[in-house]
Amino acid sequence: MTNHQKRLAVPNSWPVERKTDTFTVKAGAGPHGESGVPLLILLRDVLEYVDTRKEARYALNQDSVLVNGDAVSDEERPIGMFDILAFAEREEYYRVFPDEGGRLALTPIDADAADSRLGKIVSKTTVNGGDIQLTLHDGTTLHLDAEDAGQYSPKDSIVVDNESKEIVAHFGYEEGALVTAVAGQHAGQIGTIETIDVTLGSGDNAVTVATDDDAYETVEEYVVVIDENFTGGDGE
């Protein structure tokens, strides 16, 4: 298996220029699947905190970079949608958020906002013992007792505290909910759900999202419910 990744073949979500060089760093195993961006790309190419892989490794070995509250030592660790990057020594904090065109961008946030992260529930299953397992968009799993889990459904979004790993907020997927498109031609556009059109059979359900200027229609899979605090920058 090759350790190289051709720039022309990287996912559309990666914030890299495709025609500057032939190769770029390949993402390691971890959350977010193929869409996850190697941490090195964010440190070197986006934030320009380091110039080389060697410098990135040195910085990471100092436990100076936190992802979702945990120190990270692997420069190839995939970073994806709604992850929280914290540079405590710099007092800089970022949320990974989809930008126009579907590219992932770093949104500056304050220290309090960096204490938790948003997750979209993609599945809800019963596990041994009768507990309920919620699986989030990045592969994270949470186990709840059946009574507590009753309020959560697939396509809802939750906010998870980075330290306690407990759910601290819940946003239901429903008409009137605030959403952002994370894929497709409307990626990065934020609005409220006007209608949810259920398609019979195996087709994708469609949603109509009203924005400040207009409205757009996209498939249900492409939208994530958010809270207004997750759209702003530093200090919100």
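## A bridge pair in strand 19

The bridge partner of Val 179 in strand 19 is Val 225. Strand 19 is joined to strand 15 (residues 178–181) by 3 bridges, and these strands run antiparallel. Strands here are DSSP runs of E with at least two residues, helices are runs of H or I with at least four residues, and both are numbered from the N terminus. Two strands pair if DSSP finds at least two bridges between them.

The model is predicted, so local features need pLDDT of at least 70 and side-chain atom pairs count only at pLDDT 80 or more, while totals for chains, interfaces and linings use all residues. Residues are numbered from 1 along each chain as its sequence is written, and side-chain values use heavy atoms, with hydrogens and water left out.

An open sheet is formed by 5 strands in the order 18-17-16-15-19, with antiparallel pairing. At its edges stand strand 18 (215–219) and strand 19 (223–225); each has a single partner strand, so one side of each is left without a neighbour in the sheet. Neighbouring strands of this sheet are turned against each other by 45° on average, direction ignored. For such angles, axes are lines fitted to C-alpha atoms, for helices over the stretch in contact, and angles run from 0 to 180 degrees between N-to-C directions.

Strand 16 (residues 190–197) contains Ile 190. Ile 190 is partly exposed, with a relative accessible area of 31%; buried means under 20% relative accessible area, exposed over 50%, and partly exposed in between (1.4 Å probe, protein chains only). Ile 190 and Ala 210 are 20 residues apart along the chain, and their C-alpha atoms are separated by 8.4 Å.

Another 5 strands form an open sheet, in the order 12-11-10-13-14, and the pairing is antiparallel. Its edge strands are strand 12 (141–144) and strand 14 (167–171), each of which pairs on one side only. On average, neighbouring strands of this sheet are turned by 35° against each other, direction ignored.

Within this sheet, strand 10 (residues 116–126) and strand 11 (residues 132–136) run antiparallel and are joined by 5 bridges. Thr 125 stands opposite Gln 133 in strand 11. Strands of a sheet pair through backbone hydrogen bonds, either parallel or antiparallel.

## Helix 1 and two positive phi angles

Helix 1 (residues 39–46) has buried residues, including Leu 39, Leu 40, Ile 41, Leu 42 and Leu 43. Helix 1 is followed by Glu 48, which is found in the loop between helix 1 and helix 2 (53–61). Phi of Glu 48 is near 60°, a positive value in a residue other than glycine. Glu 48 is exposed, with a relative accessible area of 63%.

Glu 91 also has a positive phi in a residue other than glycine, here near 55°. Glu 91 lies in the loop between strand 7 (84–87) and strand 8 (92–98). With a relative accessible area of 64%, Glu 91 is exposed.

## Salt bridges

A salt bridge is a side-chain nitrogen of Lys or Arg within 4 Å of a carboxyl oxygen of Asp or Glu. By this rule the count comes to 8 salt bridges. One of them joins Glu 75 to Arg 53, with the closest N and O atoms 2.8 Å apart. This pair links distant parts of the chain, 22 residues apart: Glu 75 is in the loop between strand 5 (70–71) and strand 6 (78–79), and Arg 53 is in helix 2. Glu 75 is buried, at a relative accessible area of 6%, whereas Arg 53 is partly exposed at 28% relative accessibility.

Another salt bridge is formed by Asp 70 and Lys 165, whose closest N and O atoms are 3.6 Å apart. Asp 70 lies in strand 5 and Lys 165 in the loop between strand 13 (157–161) and strand 14, so the pair ties together parts that are 95 residues apart in sequence. Asp 70 counts as partly exposed at 42% relative accessibility, and Lys 165 counts as partly exposed at 41%. The side chains of Asp 83 and Arg 77 also meet in a salt bridge (3.5 Å, N to O). Asp 83 is buried, with a relative accessible area of 0%, and Arg 77 is buried, with 18%. Salt bridges that share partners join Arg 53, Arg 57, Glu 75 and Glu 76 into one network.
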